Amino acid sequence: MAVLAGVVAEADADAWLRDALARALEANQRWERLAEQLREENARLRERDAQREAELERVSAELAVLQRLVFGRSSERARPDAAGSGADCGAGAGAGASASAGGRVVGGSRRGRGGQAGRRDYSHLPRVEVLWDFDDGGYCCPECGAAFAVLGDHTVEQIDRQVLVRVLVQRRRRYQRRCPCVGPKTVMAPGPPKAIGKGLVTNGFIARLLTERYVAGRSQNSLVPGLARQGAQLSTATLTGTCAQAGVLLAPLEEAITARSRDSWHLHADETSWQVFAPRDGDGPARWWLWVFLGPDTTCFVMDPTRAGAVLARHAGIDSQTGQLVGDGPRRLVISSDFYAVYTSAGKKADGLVNLYCWAHVRRHFVRAGEANPVQLRYWTAAWLERIKALYAVHEQLMAAWTTAVAPAPGQAAAAAVRLEKAYGAWDTALDAIDAERRKQMAPPACKNQPRKHSRPWIGNGTASPRTATTR
């Protein structure tokens, strides 16, 4: 019996162990399946985190660029704390150097590098001295009556403005014949010249009105009460009619300036949106476009409802059908502009039209790239900004040398020619350095890690040099 009981107990223990082992194996399989699910879930989460991290990096880069565009200062302005640094070279040795040397206007004052405000120079204005003294021409001691000795003057200078609206009474002397000779019985002395025959205002008033209206940008609703405060009750219709009649007189001058601008060999061109009053019936857009064409000695503003290439073609003398420059003979025109498609399209079609793209716009792409990804592109951006800064510096030297060589001082023609040749060499060296680095970074081994926006080596800096405009 004892042996039988031992066998039964051993069988029960073996069955229990087998059952425990089966449960353990089943539990192990469940844990393995759970671990596999967790590994798959972890892989998905890692992949999602990587995607979100890449998306966050992209959004952060875009946000940095947008914040820079909306809230940051212009990249072409040199910062006071970074004057001379490669990462923020301003406008190079041209506008940037002058801004750093003379400071920039902030809140009506001119601040230098140290942030100290300086006074402007008003020595060119006419001066009127006003002497202020006591009623009796001196001052005596209130106790003993002894006169005080003159110690000098305390001088304070102020800017004063006195505008006087007056009525000019033009009296033209008339004479009557006393002799029996043949001829007119009466004669009258010639009067003052008048731009508007029966106009109410003088030529000086018209000149002041046009200056206030179009140079200072004052509206008619601002001019009318301003004149009323000076005692001249003039209606808006009177001022509007005066401007319209004066505009007719200035039309030949406008045509002459436009023709001279059209014949220029070099034009700076740009356009911006311009809000106008739309007609009451809604016929026509409220947003027009203000174009500006800056030549060597002319500036033309053109307002047009569209931003199409027809405006450029009309002003620059480009045939709308063939896309070629119109003229008596072969023409050559250099257009300094941004990368708007109208300018690039005109340069591709017209023979003799050279696009000189603005380096300030090119520079912004490097600045934005560095701000979007400062960890990876900081030194790359700084190096490119330094090259652009050097290009601006040599361009400033080239223009100064070219201006001197055009009209050299007596006995300085040879020296001016040597200086001009050296400036040309420095200009070519700076451009060659940019072109060589561009080709190096666009080579296949490095192109996948190098950001690129434009691949054209000959991109102007907004101002054509004589050699670029004639031989490039």
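Over the ring of which residue does the charged end of Arg 307 sit? The legends below describe close-up views of a predicted model, and the first of them gives the answer.

**View 1. A charged end over an aromatic ring, and the cluster to which that ring belongs.** The charged end of Arg 307 sits over the ring of Tyr 340, at 3.9 Å from the ring centre. Tyr 340 is part of one aromatic cluster together with Trp 291, Phe 293 and Tyr 343. A further charge placed over a ring is that of Arg 387, which lies over the face of Trp 384, 4.7 Å from the ring centre.

**View 2. The stacked pair of Trp 291 and Phe 293.** Six aromatic pairs are found in the structure. In the pair formed by Trp 291 and Phe 293, the ring centres are 6.1 Å apart and the planes meet at 10°, so the pair counts as stacked, the cut-off being under 30 degrees. Trp 291 has a relative accessible area of 0% and is therefore buried. Phe 293, at 0% relative accessibility, also counts as buried.

**View 3. The tilted pair of Phe 366 and Trp 380.** The centres of these two rings lie 5.5 Å apart and their planes stand at 45°, so the pair is tilted. Because Phe 366 belongs to helix H8 and Trp 380 to helix H9, the pair ties together parts that are 14 residues apart in sequence. Both Phe 366 and Trp 380 are buried.

**View 4. The largest nonpolar core.** This core has 24 residues, of which Trp 359, Phe 366, Trp 380, Leu 391, Leu 398 and Trp 427 touch the most other members. At least two residues of the core come from each of helix H8 (359-372), helix H9 (374-406) and helix H10 (413-441). The largest share, 10 residues, is supplied by H9. Another core, of 19 residues, lies apart from the largest one and includes Trp 289, Ala 313, Ala 316 and Ala 350.

**View 5. The largest pocket.** The volume of the largest pocket is about 1500 Å³. Its lining consists of 35 residues, and those closest to the pocket centre are Glu 129, Val 130, Thr 155, Val 156 and Glu 157. By residue class, the lining of the largest pocket comprises 17 nonpolar, eight polar and 10 charged residues.

**View 6. The second largest pocket.** This pocket has a volume of about 1000 Å³. Among the 33 residues that line the second largest pocket, Val 165, Arg 166, Val 201, Thr 202 and Phe 205 are the closest to its centre. Helix H3 (203-215) and helix H4 (220-229) are the elements that give two or more residues to this lining. H3 gives the most, with six residues. The lining of the second largest pocket divides into 16 nonpolar, nine polar and eight charged residues.

**View 7. Arg 58 and Ala 372.** Arg 58 lies in helix H1 (residues 2-71). With a relative accessibility of 38%, Arg 58 counts as partly exposed. Along the chain, Arg 58 and Ala 372 are 314 residues apart, whereas a distance of 8.5 Å separates their C-alpha atoms.

Methods: Residues are numbered from 1 along each chain as its sequence is written. This is a predicted model: local features need pLDDT of at least 70, side-chain atom pairs count only at pLDDT 80 or more; totals for chains, interfaces and linings use all residues. Side-chain values use heavy atoms; hydrogens and water are left out. A nonpolar core is a set of buried Ala, Val, Leu, Ile, Met, Phe, Trp, Tyr and Cys residues joined through side-chain atoms within 4.5 Å. Buried means under 20% relative accessible area, exposed over 50%, partly exposed in between (1.4 Å probe, protein chains only). Helices (H or I, at least four residues) and strands (E, at least two) are DSSP runs, numbered from the N terminus. On a 1 Å grid over the protein atoms alone, a cavity is a set of points where a 1.4 Å probe fits but cannot get out, and a pocket is an open set with protein on both sides within 12 Å along at least five of seven lines; lining residues have an atom within 4 Å of a point. Grid points are joined across faces, edges and corners, and a volume is the space filled by probe spheres set on the points. Ala, Val, Leu, Ile, Met, Phe, Trp, Tyr, Cys and Pro count as nonpolar, Asp, Glu, Lys and Arg as charged, and the others, Gly among them, as polar. Rings of Phe, Tyr and Trp (its six-membered ring) pair if their centres lie within 6.5 Å; planes under 30 degrees apart count as stacked, over 60 as edge-to-face and the rest as tilted. A charge sits over a ring if NZ of Lys or CZ of Arg is within 6 Å of the ring centre and within 35 degrees of the ring normal.
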